[in-house]
Amino acid sequence: MRTISVENFGGPEVLQVRNVPDLKPEPDQLLIRLHTAGVNPVDTYIRSGSYAKLPSLPYTPGMDGAGVVQAAGSQVRGYRKGQRVYLSGSLTGTYAEQCICLPTQIHPLPPQVSFEDGACLGIPYATASYALFHRGNAKRGQSVLIHGATGGVGLAAVQLARRAGLRVFATGGSETGRALLRSQGAEHVFDHNQPGYHQSVLESTSGAGVDVILEMLANVNLGRNLPMLAHGGCVVVVGSRGAVQIQPRDLMLREADIRGAMILHAPPGVLARIHSDLLSGLTEGSLKPVVRAVFPLEQAALATEMLMQPGAAGKIVLSVGAQAEGN
Ligand code: NAP
C-alpha cells in the first residue's frame with residue numbers, strides 16, 4: 001500500500017510517498033482502508049519536530065480520516081467488513097491507504113456523508129464540541145465569539161453553536177472566509193486583521209460582552225479577549241503559537257475565566273458522548289463539514305503548506321485512494 005513516510009523531522013518536503021507491505025491488525029485492532037485523510041495543524045507541528053510529544057522515526061502523519069473496515073481482529077465485536085467509518089486517531093497514521101485503529105478510534109459514517117466530509121470530523125468537530133460545551137460550558141441563549149472561525153475547528157464550532165441555540169459571533173481574515181461564515185449563519189462577522197474590531201464586537205453586544213470566546217490564536221488575541229467578555233464569561237484557549245501578555249485586572253473586573261482545551265486529554269466517556277452527538281447532527285443534517293480543497297496523497301506537502309497560509313475557508317483533505325470499495 002502507499003503511505004506518506006516521514007524519515008526526518010523538517011519542512012513539507014519530508015512528506016514522501018512510499019510503497020510498504022499491507023498492514024495486519026492484532027486481535028484487538030481493526031484494519032481500515034482509507035479513502036481520505038484530514039490535514040490538521042498538529043500534523044505540521046509534529047512533522048517539524050516542534051511538538052511536545054513526537055513519534056519515533058519513520059512515521060506516517062495524520063490523525064483524521066474516513067474509509068471502510070477492511071478487517072477486524074478476532075476480539076473485535078460490532079464491526080463488519082465494508083462498514084463506512086470516520087476516525088479520531090489511529091495507531092499507524094492516516095496519510096496512507098491503510099491504517100490500524102483501536103475500536104474506540106472509529107465511528108460510524110452515515111451513508112449520506114461523503115468520505116471527504118468524514119475526514120473533517122475527528123479532530124475539528126470533536127475539539128469544537130469539547131471546547132464549547134465541556135470546557136466553555138456554553139448554554140442555549142448565550143453568546144459565543146469564535147475567534148478564528150474560518151478553519152476546521154472554527155467552522156465546526158459555528159455549526160455546533162448554532163445547533164445548540166447560541167448566538168454566534170465569528171471572525172475571519174479574508175472576505176471569502178467571512179462570506180462563508182455569514183452563509184453558515186453567524187449573526188455577527190468581524191475581520192480579525194482590522195484594527196479596532198474588538199470594539200465593534202463589544203458594540204454589537206450593546207456593551208455587555210460575550211459569554212464565551214473560543215480562541216484559535218491565543219498568543220495574538222488573549223489580552224484583547226478579556227475586555228470583550230461578559231461578567232462571568234470565559235475564554236477557552238484552543239490554539240496558541242507563542243507567549244502573550246494579559247491584564248489580570250480585566251479578569252477580576254468581570255470575574256471571568258481562562259481555560260485550556262486539549263482534545264487529546266478529553267476523558268473517554270466525554271469523547272464517546274461527543275461522537276454520538278456528532279452522529280446525530282450528521283444524520284439529521286445540522287452538521288455538514290465545509291471542504292475547501294482535496295489533494296492527492298502525492299501532494300501532501302502542498303496540502304500542509306496551504307493549511308498554514310492565511311485565508312482559511314474550510315478544511316483541507318487528502319484523497320488517499322481506495323475509491324471503489326464500500327461507497
Ligand atoms: P485551520 O483550519 O488552519 O484554521 C486556522 C484559523 O486561525 C483560521 O480560521 C484563521 O483565520 C485563524 N486565524 C488566523 N489569524 C488569526 C487571528 N489573528 N485571530 C484569530 N484567528 C486567526 O486550523 P484549525 O484546525 O481550525 O485549528 C485552529 C487552531 O487550534 C490551531 O492552532 C490548531 O493547532 C489548534 N487546535 C487545537 C486543538 C486542541 O485540542 N486544543 C485541536 C485542534 C486544533 P483566517 O485564515 O481567516 O485568517
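The ligand here sits in the largest pocket. Keep in mind that you're looking at a predicted model. Domain 1 (2–120 + 289–319) and domain 2 (124–264) each give residues to the shell around the ligand, so the ligand lies between the two.

**Who surrounds the ligand**

- There are 27 residues around the ligand, and the ones that come nearest are Tyr-45, Thr-150, His-192, Ala-261 and Ile-263.

- In its side chain, Thr-150 has an N or O atom 2.7 Å from an oxygen atom of the ligand.
- Gly-173 uses its backbone instead: an N or O atom there is 2.8 Å from a ligand oxygen.
- Over at Asn-221, a side-chain N or O atom lies 2.9 Å from a nitrogen atom of the ligand.
- On its own the ligand would expose 910 Å², and the protein buries 88% of that.

**Backbone spots to look at**

- Going from Leu-57 to Pro-58, the peptide bond is cis, with omega near -10°.
- You'll find Pro-58 in the loop that runs between helix 1 and strand 4 (64–72).
- Asn-137 isn't a glycine, yet its phi is positive, at about 55°.
- That Asn-137 belongs to the loop between helix 3 and strand 8 (143–147).

Technical notes: Residues are numbered from 1 along each chain as its sequence is written. This is a predicted model: local features need pLDDT of at least 70, side-chain atom pairs count only at pLDDT 80 or more; totals for chains, interfaces and linings use all residues. Side-chain values use heavy atoms; hydrogens and water are left out. A residue is near a molecule or strand if one of its heavy atoms lies within 4 Å of it. A polar contact is a pair of N or O atoms within 3.5 Å; within protein, one must be able to donate a hydrogen and the other to accept it, and residues adjacent in sequence count only if both atoms are side-chain atoms. Accessible areas come from the Shrake-Rupley method with a 1.4 Å probe; for residues, only the protein chains shown count as cover. On a 1 Å grid over the protein atoms alone, a cavity is a set of points where a 1.4 Å probe fits but cannot get out, and a pocket is an open set with protein on both sides within 12 Å along at least five of seven lines; lining residues have an atom within 4 Å of a point. A molecule sits in a cavity or pocket if more than half of its atoms lie within 2 Å of its grid points. Domain bounds come from an automatic or database domain assignment. Helices (H or I, at least four residues) and strands (E, at least two) are DSSP runs, numbered from the N terminus.
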